[in-house]
Amino acid sequence: MTVQIRKGTLEDIEAIQDIAVKSWHDTYEDIIPRAVQDRFLDMFYNLETLKTRVGATPFAVLEQDGSVIGFANFIELEKRKSELAAFYLLPGVQNKGYGTMLLDEGIKLFALPLPLFVNVEQENTNAIAFYKARGFVDWDKFEEDFYGHKLETVRLQLIQHVEEEV
């Protein structure tokens, strides 16, 4: 199996959309009502919006044997600060080291400035554990109205990127 990480292109938008939908439904099934998930996905992962996002912000895609199986979308918040706006792997390829690889390579690929922030729904304990194991620390916690659904959000930050020894 050949795995590679590269910059995302407009040719990847349908795969990105598919991964987002499958990941959201898998991750948030018992956390966020399906109708709320679908409203969010329709707004931010429709093909036109994705076309704009992929053209305007850095996307790293994870490919396995020529198929995109994950992606990360980064944005620069302001000088010397960035955010991991989206980070998803297909459900069947999680917990195999690909997420760590995608995060590490994405940071290098785009020479992202630190700190790097990420927002995670508090009940998404697997994601919080993933980020904390990679050096992210708590920064803030807040409640937000997410399309009429109350979310408790944890904001984490990565101050120093330490690559794992291979």
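The model is predicted. An unreviewed UniProt entry lists residues 3–157 as "domain: N-acetyltransferase".

**Largest pocket**

- The largest pocket holds about 1,200 Å³ of space.
- Its lining is made up of 42 residues, and the closest to the pocket centre are Tyr28, Phe87, Tyr88, Asn124 and Ala127.
- Sorted by class, the lining of the largest pocket has 22 nonpolar, 12 polar and 8 charged residues.
- Both helices and strands take part: helices H1 (13–27), H2 (34–44), H4 (98–109) and H5 (125–133) each supply at least two residues of the lining.
- Strands E4 (81–89), E5 (116–121), E6 (137–146) and E7 (149–158) likewise each supply at least two residues.
- Strand E4 gives the most to this lining, with 7 residues.

**Strand E7 and its partners**

- Strand E7 is mostly covered, with 8 of its 10 residues buried.
- E5 and E7 run antiparallel and are joined by 6 bridges; Phe117 stands opposite Gln157 in E7.
- E6 also pairs with E7 in the antiparallel sense, over 9 bridges; here Glu143 stands opposite Glu152 in E7.
- E6 and E7 form a hairpin with 2 residues between them.
- Tyr147 lies in the turn of this hairpin and has a positive phi of about 55°.
- In general, the side chains of a regular strand alternate between the two faces of the sheet.

**Aromatic rings**

- The count of aromatic pairs comes to 18.
- One of these pairs is Trp24 with Tyr28, which is tilted, at 4.4 Å centre to centre and 40° between the planes.
- Trp24 counts as buried because its relative accessibility is 5%, and the cut-off for buried is under 20%.
- Tyr28, at 10% relative accessibility, therefore counts as buried by that cut-off.
- Trp24 and Tyr28 belong to one aromatic cluster that also includes Phe40, Phe44, Tyr45, Phe59, Phe71, Tyr88, Phe146 and Tyr147.
- Tyr28 and Tyr88 of this cluster are also among the residues closest to the centre of the largest pocket.
- Tyr147 of the cluster is the turn residue of the E6 and E7 hairpin with the positive phi.

Conventions
Residues are numbered from 1 along each chain as its sequence is written. This is a predicted model: local features need pLDDT of at least 70, side-chain atom pairs count only at pLDDT 80 or more; totals for chains, interfaces and linings use all residues. Side-chain values use heavy atoms; hydrogens and water are left out. UniProt positions are given in the numbering used here, feature names are shortened, and annotations may be inferred rather than shown by experiment. On a 1 Å grid over the protein atoms alone, a cavity is a set of points where a 1.4 Å probe fits but cannot get out, and a pocket is an open set with protein on both sides within 12 Å along at least five of seven lines; lining residues have an atom within 4 Å of a point. Grid points are joined across faces, edges and corners, and a volume is the space filled by probe spheres set on the points. Helices (H or I, at least four residues) and strands (E, at least two) are DSSP runs, numbered from the N terminus. Ala, Val, Leu, Ile, Met, Phe, Trp, Tyr, Cys and Pro count as nonpolar, Asp, Glu, Lys and Arg as charged, and the others, Gly among them, as polar. Buried means under 20% relative accessible area, exposed over 50%, partly exposed in between (1.4 Å probe, protein chains only). Two strands pair if DSSP finds at least two bridges between them. Rings of Phe, Tyr and Trp (its six-membered ring) pair if their centres lie within 6.5 Å; planes under 30 degrees apart count as stacked, over 60 as edge-to-face and the rest as tilted.
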